[in-house]
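Open the model in a viewer and keep the selection panel at hand. The stops below say what to select next and what is there.

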Amino acid sequence: MRTVYVNGVYLPENQAQISIFDRGFLFADAVYEVTAVLGGKLLDFEAHMARLKRSMYELDMTLPYADEDLLAIHKALVEKNDLEEGLVYLQLTRGAADRDFDFSEMTGEPGIVLFTQAKPLIASTLAQRGQKIILADDLRWGRSDIKTVQLLYSSLMKTRAKKAGADDVWLCRDGKITEGSSNNAYIVTENNEIITRELSNDILHGITRSAVLKVAKLHQMKVIERAFTIEELKSAKEAFSTSASGFVNPVVNVDGLAIGDGVPGAVSSTLREAYLTESRRTAS
């Protein structure tokens with residue numbers, strides 16, 4: 001029985017309740033962050049909170065919590081749930097009000113929910129064997145840079161992948177890869193250049209993406225931020241994804257076609273270990 005945090009109160013998960021009029025429930029009018037935990041410590045916490053505030057600003061939402069308050073709540077949940085390895089999920093909604101598309105006259109407090117998920121992150125099956133992915137059209141709304149709880153399309157795509165015997169879906173627009181269903185996407189060329197789509201409204205500004213690219217540059221790896229085509233993906237030496245829950249996960253097969261040698265490559269493996277080393281060093 002986990003302890004969760006709902007609107008200012010710590011309580012057992014089976015006692016947690018939110019209003020049926022909460023706009024997060026009615027309209028997916030909410031943003032979220034997921035912070036990884038290793039050794040009972042939070043990874044990249046400050047960066048996650050900075051992105052949370054950006055998402056809320058883009059949706060004209062207000063955050064009534066200081067970073068140190070949110071950090072205290074995160075740490076309390078980690079301690080109360082004896083979480084050594086896993087995730088802390090934070091969701092902030094616009095709050096509760098009688099159902100109406102127009103929120104211009106809302107004056108109540110935002111809703112807030114946090115809970116933990118124990119999950120093995122280091123001993124990842126996907127990192128060891130590599131991911132099999134399939135491709136699909138990117139039909140999400142045009143502000144993928146805002147981390148909202150509007151995740152139905154990603155859920156549909158992940159389910160399609162599982163039914164097809166794959167691990168995930170990478171999304172395509174105009175013949176080019178945007179990102180994965182819940183991660184950023186990369187290829188490695190024969191010259192060991194790392195290519196990933198540049199930041200824009202089309203992709204999530206990944207916290208792990210930013211950290212991994214910094215690590216890559218520290219290791220003298222060449223990083224090019226541009227869109228890459230489906231053809232470039234299928235002819236790449238390596239491919240991989242990054243996310244808060246997956247860190248760096250190699251991709252070894254796309255639509256039934258092996259990428260490179262069909263096994264996790266040296267670049268993605270090096271980046272994963274280097275990212276984990278740096279993240280442990282700076283964890284909160």
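Begin by selecting residues 207–218, which form helix 6. Helices (H or I, at least four residues) and strands (E, at least two) are DSSP runs, numbered from the N terminus. Helix 6 has twelve residues and reaches 17 Å from first to last C-alpha, close to the 16 Å expected at 1.5 Å a residue; the expected span is 1.5 Å times one less than the number of residues in the helix.

Before moving on, note that this is a predicted model, in which local features need pLDDT of at least 70, side-chain atom pairs count only at pLDDT 80 or more, and totals for chains, interfaces and linings use all residues. Residues are numbered from 1 along each chain as its sequence is written, and side-chain values use heavy atoms, with hydrogens and water left out.

Stay on helix 6 and colour its buried residues: I207, T208, R209, A211, V212, L213, V215 and A216. Buried means under 20% relative accessible area, exposed over 50%, and partly exposed in between (1.4 Å probe, protein chains only). Then pick Q220, which follows helix 6 and has a positive phi near 60 degrees.

**Positive phi elsewhere**

Most residues other than glycine have a negative phi. Select N7, in the loop between strand 1 (3–6) and strand 2. N7 is not a glycine, yet its phi is positive, about 50 degrees. With a relative accessible area of 42%, N7 is partly exposed.

Next select D82, in the loop between helix 3 and strand 5. D82 also is a residue other than glycine with a positive phi, here near 50 degrees. Its relative accessible area is 66%, so D82 is exposed.

In the loop between helix 3 (67–80) and strand 5 (85–93), select N81 as well. Is N81 buried or exposed? At 18% relative accessibility, N81 counts as buried. Not counting residues up to four places away in sequence, N81 touches R2, T3 and T116, where contact means heavy atoms within 4.5 Å. Draw a distance from the C-alpha of N81 to that of V4: the two residues are 77 apart along the chain, and the atoms are separated by 8.9 Å.

**A buried serine**

Go to S55 in helix 2 (residues 45–58). S55 is buried, with a relative accessible area of 1%. Which backbone atom does the side chain of S55 reach? It is the backbone nitrogen of K147, at 3.3 Å. Beyond neighbours within four places in sequence, S55 is in contact with V31, I146 and K147.

Select D137 in strand 7 (residues 131–137). D137 is exposed, with a relative accessible area of 53%. Leaving aside neighbours within four places in sequence, D137 contacts Y153, L171 and C172. The C-alpha of V169, 32 residues from D137 along the chain, is separated from that of D137 by 9.6 Å.

Move to E193, in the loop between strand 10 (184–188) and strand 11 (194–196). E193 is buried at 19% relative accessible area. Apart from neighbours within four places in sequence, E193 is in contact with I187, V188, K222 and I224.

**Last stop**

Finish with F21, in the loop between strand 2 (9–12) and helix 1 (23–27). F21 is partly exposed, with a relative accessible area of 39%.

Methods:
A polar contact is a pair of N or O atoms within 3.5 Å; within protein, one must be able to donate a hydrogen and the other to accept it, and residues adjacent in sequence count only if both atoms are side-chain atoms.
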